[in-house]
Amino acid sequence: MLIAVLRDRLAPDAPADEADNLVQARAVTRALEALGHRVQDLDCGLDLGRVAAALAAERPDAVFNLVEALDGRDTLAPAVPALLDSLGLPHTGSGALPLAAAADKLRAKRLLRRLGLPTPDWFERADLADPAAAPSGPFLLKPRLEHGSVGIEESDLLPAPDRIALDRALAAKEDALGQPCIAEAYLPGREFNVSVLDGPHGPEVLPPAEMLFTGYGPDKPRILGWRAKWDEASFEHGHTERTFDLPPADAPLAERLRALALACFQALDMAGYARVDFRLNRLGAPQAIDLNPNPCIAPDAGFPAAAARAGLSYQDTVARILAAALPARSPESPA
């Protein structure tokens, strides 16, 4: 088959979190070619007409959609599956609505709460205009419209702000980032990533991974911010690691994480592959802190690591994601 690999259009000096999209595209291309497919490489920015014309000219059998942002604008990424649907082209991953819901952290939290799925409490500035608002405990400031921990650092943790202090901090962060932000209750408990991969028998929850913060002193917050993910020279990057080796006593917790990840996947109508991130509250109960339809699948990312733990090679994983996009959900066919 001919598969179009659709990826972000990047500036030559793109930061690491954006340049990673090209790493994904190259790895997926190699896997697809190893599976016997032909590949059309196509970058995608705000000029969707150019993309539509290129796809119409080649008419691929399916599109492997890796687009995370249109010219750096994350909130516009849902336009891509909408375009592909309008062209009648099968595509990998979630559609426009799940992507749009997850792209806005406030919208995602409201949706989770409405569906009865656990997520930490939060405030936005409109909430804090009410004199009765009474923030309690530490809060972590987050931009609403970013992913990949962009705009999140240790300095965004406020240990015990009152209503006025929290409002001022949110206003300052919104000014600095040029977008709305939320203050999410900071949970100091353990952090887990749980991946879901669609398959011939429905979505399969892959082994949960715990993020370990090694060498962190008692006063250093456990926050998986931008430096921890993308700055290889930072202390945070060198002292956070992923493990799938949960102790036997965690078996009930692992089952709860699996059930919640699957519930999120199904409730938001996600498709293909996704990852849900959790923190434990003071009672040890998982709370969803981030929804990631179409998560990063660079070879060193969490999703391929979870798939490998389940016995799937990178090539197997790409084949499963592609197969889930095809109408008959049949195994991949040679070109």
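Predicted model: local features only at pLDDT ≥ 70, side-chain atom pairs only at ≥ 80, totals over all residues.
Aspartate 277 belongs to strand β12. Its relative accessible area is 5%, so aspartate 277 counts as buried, the limit for that class being under 20%.

Arginine 275 is also placed in strand β12, which covers residues 273-280. The side chains of arginine 275 and aspartate 277 form a polar contact of 2.8 Å. Arginine 275 has a relative accessible area of 12% and is therefore buried.

## What surrounds these two residues

Apart from residues up to four places away in sequence, aspartate 277 touches Phe192, Asn193, Gln287, Ala288, Ile289, Asp290 and Asn292. With neighbours within four places again left aside, the contacts of arginine 275 are Asn193, Val194, Ser195, Asp290, Leu291, Asn292 and Pro295. Asn193 is among the contacts of aspartate 277, and Asn193 is also among those of arginine 275.

## Strands β8, β10 and β11

Strand β8, residues 191-197, pairs with β10 in the antiparallel sense over three bridges. Within this pairing, glutamate 191 stands opposite methionine 211 of β10. Strand β10 also runs antiparallel to strand β11, residues 240-243, and four bridges join them. Phenylalanine 213 has threonine 240 in β11 as its bridge partner.

Is strand β10 mostly covered or mostly open? Strand β10 spans residues 209-213, and four of its five residues are buried, leaving the strand mostly covered.

## An open sheet of four strands

Another group of strands forms an open sheet with the order β4-β7-β5-β6 and antiparallel pairing. At its edges are β4 (122-123) and β6 (157-158), each of which pairs on one side only. Strand β5, residues 139-143, is joined to β6 by two bridges, and the two run antiparallel. In this pair, phenylalanine 139 lies opposite leucine 158 of β6.

## Helix α1 and its cover

Helix α1 takes in residues 16-34, which makes 19 residues. From its first C-alpha to its last the helix reaches 27 Å, close to the 27 Å expected at 1.5 Å a residue. Glycine 36 follows α1 and has a positive phi, near 100 degrees.

The buried residues of α1 are Asp17, Asp20, Asn21, Gln24, Ala25, Ala27, Val28, Thr29, Ala31 and Leu32. An α-helix has 3.6 residues a turn, so residues three or four places apart point the same way. The cover over the buried residues of α1 includes the strands β1 (2-8), β2 (38-44) and β3 (62-65), and the helices α8 (226-230) and α12.

## Helix α12

Helix α12 consists of twelve residues, 314-325. Its end C-alpha atoms are 17 Å apart, which agrees with the 16 Å that twelve residues should span at 1.5 Å a residue.

How many of the twelve residues of α12 are buried? Nine are, so the helix is largely enclosed by the rest of the structure. The buried residues are Thr317, Val318, Ala319, Arg320, Ile321, Leu322, Ala323, Ala324 and Ala325.

## Alanine 79 in helix α3

Alanine 79 is part of helix α3, residues 79-87. Its relative accessibility is 29%, so alanine 79 counts as partly exposed; that class lies between 20% and 50%. Beyond its neighbours within four places in sequence, alanine 79 is in contact with Leu48 and Leu70. Alanine 79 and leucine 99 are 20 residues apart in sequence, and their C-alpha atoms lie 9.3 Å apart in space.

## Cavities

The structure holds three cavities of 30 Å³ or more, and the largest cavity has about 80 Å³ of space. Its lining consists of Lys105, Ala108, Lys109, Leu112, Thr119, Lys142, Ile182, Glu184, Ala288, Ile289, Asp290 and Leu291. Three elements, α5 (105-114), β7 (181-185) and β13 (286-293), each supply at least two residues of this lining.

Note on methods: Residues numbered from 1 in each chain as written. Heavy atoms only, no water. Buried < 20%, exposed > 50% of the residue type's maximum accessible area, 1.4 Å probe, protein only. Polar contact = N/O pair within 3.5 Å; in protein donor to acceptor, adjacent residues only side chain to side chain. Contact = heavy atoms within 4.5 Å. Pairing = 2+ DSSP bridges. Expected span 1.5 Å × (residues − 1). 1 Å grid on protein atoms, 1.4 Å probe; cavity = no way out; pocket = protein on both sides within 12 Å on 5 of 7 lines; lining within 4 Å. Points joined across faces, edges and corners; volume = space filled by probe spheres on them.
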